Amino acid sequence: IDLHIGHAHSLKDKRGVVRPILDGARHRFGVAAAEVDHQNLWQRSSLGFSAVGSTQQHTTEVIDEGSRFVWSFPEVEVLQEERSWLS
C-alpha cells in the first residue's frame with residue numbers, strides 16, 4: 001500500500017504515523033507488516049503486508065481487514081494498493 005503523509009515534515013513525523021499502522025496490523029490481524037519502500041522520504045511510505053492461511057478466502061478476508069485498517073487512519077492518503085497471491 002503506497003501512502004502519502006502530507007503533514008510529515010521529518011522522518012520522525014513519518015515514523016509516528018507508520019509505526020502505529022504496522023504494529024496495529026500485526027497485533028490485530030496476525031500479519032507480517034513492514035515499510036518496504038520510500039524509507040528516506042518524509043511524506044511517502046510503502047507498506048507491505050503478508051498473510052498465510054489454509055484457504056484463499058480466509059487470507060483474502062485478513063488482507064481486506066488490514067487494508068480497511070490502513071484506510072481508517074485520517075493522517076494518511078492511500079495512493080495505491082496492489083495485491084499478489086502465491087499458491
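Helices and strands are here DSSP runs, numbered from the N terminus. The model on display is predicted.

Begin by selecting Trp42, which sits in the loop between strand S2 (32-37) and strand S3 (44-50). Trp42 is partly exposed, its relative accessible area being 48%. Beyond its neighbours within four places in sequence, Trp42 is in contact with Ala8, His9, Ser10, Leu11 and Lys14. Next, display the C-alpha atoms of Trp42 and Leu11: they are separated by 5.1 Å, although these residues are 31 residues apart along the chain.

Glu35 belongs to strand S2 and Lys14 to helix H1, so the pair ties together parts that are 21 residues apart in sequence. Lys14 is buried, with a relative accessible area of 2%, whereas Glu35 is partly exposed at 23%.

Now select helix H1 (residues 11-29) together with helix H2 (residues 56-71). Their axes come within 10 Å and cross at roughly 150 degrees. Angles over 145 degrees count as roughly antiparallel, which means that H1 is roughly antiparallel to H2. The crossing is right-handed. To view the contact, show Pro20, Ile21, Gly24, Ala25, Arg28 and Phe29 in H1, which meet Val62, Glu65, Gly66, Phe69 and Val70 in H2. These residues divide into seven nonpolar, two polar and two charged.

Finally, select Asp64, Glu81 and Arg83, which are linked in a network of salt bridges. Within it, the closest N and O atoms of Arg83 and Glu81 are 3.2 Å apart.

Definitions and conventions. Residues are numbered from 1 along each chain as its sequence is written. This is a predicted model: local features need pLDDT of at least 70, side-chain atom pairs count only at pLDDT 80 or more; totals for chains, interfaces and linings use all residues. Side-chain values use heavy atoms; hydrogens and water are left out. Axes are lines fitted to C-alpha atoms, for helices over the stretch in contact, and angles run from 0 to 180 degrees between N-to-C directions. Helices (H or I, at least four residues) and strands (E, at least two) are DSSP runs, numbered from the N terminus. Angles under 35 degrees count as roughly parallel, over 145 as roughly antiparallel, 65 to 115 as roughly perpendicular and the rest as oblique. A crossing is left-handed if the near helix is turned anticlockwise from the far one by less than a right angle, and right-handed if clockwise. Contact means heavy atoms within 4.5 Å. Ala, Val, Leu, Ile, Met, Phe, Trp, Tyr, Cys and Pro count as nonpolar, Asp, Glu, Lys and Arg as charged, and the others, Gly among them, as polar. Buried means under 20% relative accessible area, exposed over 50%, partly exposed in between (1.4 Å probe, protein chains only). A salt bridge is a side-chain nitrogen of Lys or Arg within 4 Å of a carboxyl oxygen of Asp or Glu.
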